[in-house]
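Thanks for making the time this morning. I would like to walk you through one model, so please have the sequence and the structure open as we go.

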Amino acid sequence: MSFDPSKFDGSTMRIGVADQLSGVPVAPAAATADDGVDPKYRAKATEAAVKFESFFIGHMLHQMRAGTRVLAAEDSVFKDKINEDMLDMADNLVADQLAGQRAFGVADAILRQLLPPASAPVVLAASLPGRAAPANIAEPQNIPKTLNRAK
């Protein structure tokens, strides 16, 4: 089998890890009717935040695997670099899936800074038993009124 350049379609080509996430379902950011954020901006910000979380998780997995390789004994199976490229691909796919579910909360933290406070989801605090979600995430906490000139 040989490669025929006349039948090559470059529009379907995917370069790099960052573009792999497009097939992963992404949990949408919570929207309110009166937050005034353009839906296109919200979608782009959400996609960028989730891609960054995927990159972050993938890099963390890569560093963990490299650390295991360094600490392994000379005759250990973890010292062998035969399947290193396949393991990196598997780590990136796991990272994409975890980021699509917003498992680490990195994307949510980024979206809290990019979108208005009312639209940022407060899943963790509301899900803990006996704890209520804060009324306003952007509100400074535990700051004496003399230092807080905004009030």
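Let me begin with a question: of the 151 residues of the protein, what percentage count as buried? Bearing in mind that this is a predicted model, the computed answer is that 22% of the residues count as buried. The accessible surface of the protein comes to about 11,100 Å², and carbon and sulfur atoms account for 61% of that area.

Turning to the secondary structure, the protein has 4 helices and 0 strands, so that, by the way these elements are defined, reading from the N terminus gives the order α-α-α-α. As for the contacts, if we take those between residues at least 6 apart in sequence, 63% of them join residues at least 24 apart.

Now please look at helix α3, which covers residues 106-114, and where Val106, Ala107, Asp108 and Leu111 are buried. The cover over the buried residues of α3 includes α1, residues 39-71.

Is Ala90 buried, partly exposed or exposed? Ala90 counts as partly exposed because its relative accessibility is 36%, and the range for that class lies between the cut-offs of 20% and 50%.

Conventions:
Residues are numbered from 1 along each chain as its sequence is written. This is a predicted model: local features need pLDDT of at least 70, side-chain atom pairs count only at pLDDT 80 or more; totals for chains, interfaces and linings use all residues. Side-chain values use heavy atoms; hydrogens and water are left out. Buried means under 20% relative accessible area, exposed over 50%, partly exposed in between (1.4 Å probe, protein chains only). Helices (H or I, at least four residues) and strands (E, at least two) are DSSP runs, numbered from the N terminus. Contact means heavy atoms within 4.5 Å. Accessible areas come from the Shrake-Rupley method with a 1.4 Å probe; for residues, only the protein chains shown count as cover.
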